[in-house]
Amino acid sequence: MHTVISPKFGVERTCHERSLAHRDNRTILAVVGPGEHLDALAEGCRTALDGAGTSDQYPDGEVRQAVASWVAQGLVADALIERANATVSDADLQKARAGLRNADCSEAFMGIVRLTAYVSLEGEQSARDQASGLRIEINPRYGAWDADELTVMGSGSLSGRSEG
């Protein structure tokens, strides 16, 4: 049976910094690479914050980490949604995207939208349990994956690779 799930808000998935691989029967999701695409998405969100007059409330590092988190959450959501043989309604995604004026920020934000839609379908604990079967690798530049919170946390560093 195929299920269509509706998010409470939304964005489209097209991050160029995603990689999917299968090793040891675990899906590996990675936010890696040189970071130019994530930096462009973060700049789009900075522009959106400037337009809303709230950019001074968010240091650049926090915006970049939020964007990395949204992208990682989108990859997790995509893997879980695929396993559940479900899709997020395109109409609902478009509706959610309507309020977001910056295309780059909108693209990044759609990750949390898809994850939120999946959590609303499965429940928070079930989604966490299912995500624990994924191996998520985050470039340490952006922080580390927190499997309990399903988000990227920490200040980020270049000291090593984080795996969740």
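Student: Which residue does a disulfide join to Cys45?
Tutor: The disulfide joins Cys45 to Cys105, with an S to S distance of 2.2 Å. Please keep in mind that this is a predicted model.

Student: How many disulfides does a search of the whole structure find?
Tutor: The search finds one disulfide.

Student: What is the handedness of the link of Cys45 and Cys105?
Tutor: The link is right-handed, with 95° about the S-S bond.

Student: Which parts does the pair tie together?
Tutor: Cys45 belongs to helix 1 (residues 36-52) and Cys105 to helix 4, so the pair ties together parts that are 60 residues apart in sequence.

Student: At what angle do the axes of helix 1 and helix 4 cross?
Tutor: They cross at roughly 110° and come within 7 Å. Helix 1 and helix 4 are therefore roughly perpendicular to each other. Their crossing is left-handed.

Student: Which residues make the contact?
Tutor: Helix 1 contributes His37, Ala40, Leu41, Gly44 and Cys45, while helix 4 contributes Asp104, Cys105, Glu107 and Ala108. The residues of this contact divide into five nonpolar, two polar and two charged.

Student: Changing topic: how many aromatic pairs does a search of the whole structure find?
Tutor: The search gives one aromatic pair. Trp70 and Phe109 form that pair, and the arrangement is edge-to-face, at 5.1 Å centre to centre and 85° between the planes.

Student: Where do Trp70 and Phe109 lie?
Tutor: Trp70 lies in helix 2 (residues 60-83) and Phe109 in helix 4 (residues 103-122), so this pair links parts that are 39 residues apart in sequence.

Student: Next, helix 4 and helix 5. How do their axes cross?
Tutor: The axes of helix 4 and helix 5 (residues 124-131) come within 7 Å and cross at roughly 115°. Helix 4 and helix 5 are therefore roughly perpendicular to each other.

Student: Is the crossing of helix 4 and helix 5 left-handed or right-handed?
Tutor: Helix 4 passes helix 5 in a right-handed crossing.

Student: And which residues make that contact?
Tutor: On helix 4 they are Tyr118, Val119 and Glu122, and on helix 5 they are Glu124, Ser126, Ala127 and Gln130.

Student: How do the residues of the contact of helix 4 with helix 5 divide?
Tutor: They divide into three nonpolar, two polar and two charged.

Conventions
Residues are numbered from 1 along each chain as its sequence is written. This is a predicted model: local features need pLDDT of at least 70, side-chain atom pairs count only at pLDDT 80 or more; totals for chains, interfaces and linings use all residues. Side-chain values use heavy atoms; hydrogens and water are left out. Rings of Phe, Tyr and Trp (its six-membered ring) pair if their centres lie within 6.5 Å; planes under 30 degrees apart count as stacked, over 60 as edge-to-face and the rest as tilted. Helices (H or I, at least four residues) and strands (E, at least two) are DSSP runs, numbered from the N terminus. Axes are lines fitted to C-alpha atoms, for helices over the stretch in contact, and angles run from 0 to 180 degrees between N-to-C directions. Angles under 35 degrees count as roughly parallel, over 145 as roughly antiparallel, 65 to 115 as roughly perpendicular and the rest as oblique. A crossing is left-handed if the near helix is turned anticlockwise from the far one by less than a right angle, and right-handed if clockwise. Contact means heavy atoms within 4.5 Å. Ala, Val, Leu, Ile, Met, Phe, Trp, Tyr, Cys and Pro count as nonpolar, Asp, Glu, Lys and Arg as charged, and the others, Gly among them, as polar. A disulfide is a pair of cysteine sulfur atoms within 2.5 Å.
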